[in-house]
Amino acid sequence: MTRIGLIVNPVAGMGGPVGLKGTDGKVQEALQRGAVPNAGNRAREAISPLARDPGICFLTCSGAMGEETLRNSGVRDFSVEYRYADESSGRDTQAAARKFRELAVDLILFCGGDGTARDIFDAVGITVPILGIPAGVKMYSGVFAVDPGRAAEVAHRAGTLPLQDTEILDIDEEAYRAGKFETKLYGIARVPVLRNLVQLPKAIHAEQDDDLAKDGIARFIAEIMVPGTLYILGAGTTTERIARDLGLEKTLLGVDVIRDGECIARDADEQTLLRILGDGGEARIIVSPLGAQGFVLGRGSQQISAEVLRRCGAGSLIVVGTPQKLADTPHLHVDTGDSGLDTEFGEYISVVCGYRIAQRKLLSR
Amino acid sequence: MQTKILLGEDQIPREWYNIQADLRTPLEPPLHPATHKPVVPEDLAPIFPMELIRQEMSTQRNIPIPEEVREVLSLFRPSPLYRAKRLEAFLKTPAKIYYKWEGQSPSGSHKTNTSVPQAYYNKKAGIERIATETGAGQWGSALSFATSIYDLDCTVYMVRASYDQKPYRKIMMQVWGAECLPSPTDRTNAGRAVLARDPDTPGSLGIAISEAVEDAATHANTNYALGSVLNHVCLHQTIIGLEAREQLVMVDEYPDIVIGCVGGGSNFAGIAFPFAGDKLTGKHPDVRIIGVEPAACPSLTKGLYEYDFGDLAGLTPLMRMYTLGHDFVPPAIHAGGLRYHGDSPIVSKLVHEKTLEAVACYQNDVFEAARTFARTEGIIVAPEAAHAVKTAIDEALKCRTTGEEKTILFNNTGHGNFDMSAYDAFNQGKLADYEYPADLIRASLAKLPKIA
């Protein structure tokens, strides 16, 4: 029996259609502008195909946070394990997620956007796999299924699927409303993944194992490292694995600098990087695409600024990413904030995805 | 305008063309893996019959094809030369595109051109079993066919990625009576060593070669057969180019550009060498000859021209060739037959001396070309052959720009009827464009064995 904890953020996505670029703290304004709650409908699209699955046991929250969705989807047997009072909030999302963890669910299936993903990650971290039914205004994190139907397919097999590290991004909503897109890597969650349904079993071995691919990437990067050269390692689990293979501890969400097998700066900000680069010498930047949209530069790791990149040279960039990650992102994004610099990367970018193996990926800006 | 240009059975060539006779300088010798001294025939005798060793080292220009071999080859040769009229019209090119269609052999590819003589010479030498490796399965099935003709046993070590992707190839081999194993296996020291390091390895031609060579070297009744790379394999394949040259004469043509895909180099050698001979001897100095390799495994365009082993374990002689390093395991692209770290020493030498050219193509671009070909000419080609299709189309499109009426000849090495999962992945936009990170990799190529 697969135990799924369902959390619906009933106000998710309301801000988008009325031009609020997000719903956090703006529910009343959204309602005044004529927004209509729609998250329940999105959740129902994902739940309905599972309604008669005898192998799934749903646990959920009261009212609009899940109970209504299950009932409207035709699910007969479920238990309400968390009840909220008045209007639901992020705190309710967190409390429900913690409750589901206590009850040892196989998956927390949530319906919402980036804000909901952050709340759940805050509550349970990587202790419970999570999966998002997309319903928010912003869904830059990688924890969302492509659509509700796909979410249903994954949920159906939760507990048996391999898990993948996936970034949760933190977007500053106030800045976003002001037309500035500022994100940073908020955390790394664990998400079940369903690979190509039509490919023959074992068709492409190395590509199916995220961990094996990271090993290959780390082994290759270690092989090409040159004494005396500075290596600026961006955020994420792939760069973290590179450092770990060198016997170094790396900040998962920050930018570290290594040289000659030693870490010379941890969680460095832009000024620190510029100061270190000021000492001269060769430098290379190693980053991994972040989030569902595959941000390579600019978003998610602003420490590696246009100025830092210019000091190192566009040719100094080494992008790394596992084949699984790359399969989920048809093209990658570069947005350094300097359009002239962005164009230096050309139409395609090469991404190291294994031991002496790379992929050509289309770049969009 | 003829669509098919056909030769009669009596026009099957009676001699193979040995380009070693026309090389500007002699081929650098293969070196013994332990002593690094030039290999002598006795070194190869434990795994090859003497007649094939003689062919390997011969500099005689024309080598007779035994009548018994011609008789078996007549099951599927001469192969037709097609004029790709519909493709030309679709591309709106003034170029004339011809292709040699090798997909009509029993196993569906050009590989039977060498499997038949190799099985024949082994049978004559009293050998009872042949061990070999196969990438995409084309060579393994071709050798299985040939060993069944000559009543020999056959053990095929098939690269595991292909074994899983192409189960029908495995079944073909079994129908012809061969034993087909996913490589690496636990039967050989070489296979066990790889499995201990990486139990989930997709395998590679380099690993499979190590296993087959070890099998042959450790069993007295067993010889080894290679489906590409070696000089005698390239020699047998020249039957393709020799026929094509005669067929083009029948329509009063000589190619401006000759194209073939390159893995180990044998089909490319087969279509190219008779024309490369014309170039080397000054008869047609301007003919361009282009080898097309995958961007994922670009030995000719991104490798080093150095001595390297032909296999992963370092059991084979060292050969001077373009190589990505014998320990390179290429990504599991669908053109499995092109996943080889090295290249034929003769092809490599001719590329190094600029008699031949080389280009590399991305997987999605190659399948796009194959789809265009299928929709115009009808044939769904193997992913390997699609590399040649891609470059033929590129060259024809250049002619559209320049207005030149060039004659383009390419080798269409086989059908893709067992490659539908690859086409399906392409149709769904799920093919990755693998490439070789050449700039980053130079440091690791320093690990090639150093030969004084």
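So, H6 of chain B: this helix lies across strands E6 (129-134), E7 and E9 of chain B, and runs at about 160 degrees to E6(B). When I say helix or strand, I mean DSSP runs numbered from the N terminus, H or I with at least four residues for helices, E with at least two for strands. Angles run from 0 to 180 degrees between N-to-C directions, and axes are lines fitted to C-alpha atoms, for helices over the stretch in contact.

Quick housekeeping. This is a predicted model, where local features need pLDDT of at least 70, side-chain atom pairs count only at pLDDT 80 or more, and totals for chains, interfaces and linings use all residues. Residues are numbered from 1 along each chain as its sequence is written, chains are lettered from A and ligands numbered from 1 in the order in which they are written, and side-chain values use heavy atoms, with hydrogens and water left out.

On confidence, chain B has a mean pLDDT of 94, with 98% of its residues at 70 or more; pLDDT is the predictor's confidence in each residue, from 0 to 100. For the complex, the predictor gives an ipTM of 0.83 and a pTM of 0.82.

What's the strand order? In chain B it goes E8-E7-E6-E9, an open sheet of four strands with parallel pairing. Pairing here takes at least two DSSP bridges between two strands. E8 (179-183) and E9 (222-225) of chain B sit at the edges with a single partner strand each, so one side of each has no neighbour in the sheet. From one strand to the next, the twist averages 25 degrees. E7 (153-159) of chain B and E8(B) pair in the parallel sense over five bridges, and B:Thr155 has B:Glu179 in E8(B) as its bridge partner.

H6(B), residues 138-149, also has a helix partner: H5(B), residues 112-124, whose axis comes within 8 Å of it and crosses at roughly 40 degrees. The two are therefore oblique to each other, since angles under 35 degrees count as roughly parallel, over 145 as roughly antiparallel, 65 to 115 as roughly perpendicular and the rest as oblique. Who makes the contact (heavy atoms within 4.5 Å)? Among them are B:Val116 and B:Ala119 of H5(B), and B:Trp139, B:Leu143 and B:Phe145 of H6(B).

Another helix pair in chain B is H9 (189-197) with H10 (205-217), packed at an angle of about 145 degrees with axes 7 Å apart. There, B:Asn189, B:Ala190, B:Gly191 and B:Val194 in H9(B) meet B:Ile207, B:Ser210, B:Glu211 and B:Glu214 in H10(B).

Chain B also has an open sheet of seven strands, in the order E1-E4-E5-E15-E10-E11-E14, with mixed pairing. Its edges are E1 (4-5) and E14 (357-361) of chain B, each with a single partner strand, so one side of each is left without a neighbour in the sheet. Inside, E10 (257-261) and E11 (288-294) of chain B pair in the parallel sense over five bridges, and B:Ile259 has B:Ile290 in E11(B) as its bridge partner.

Last stop, chain A. E8 (230-233) and E9 (256-259) of chain A run antiparallel, joined by four bridges, and A:Leu233 partners A:Asp256 in E9(A). E9(A) then pairs with E10 (262-265) of chain A, antiparallel over three bridges. Those two form a hairpin with two residues between them, and A:Asp260 in the turn has a positive phi of about 50 degrees.

Notes: Contact means heavy atoms within 4.5 Å.
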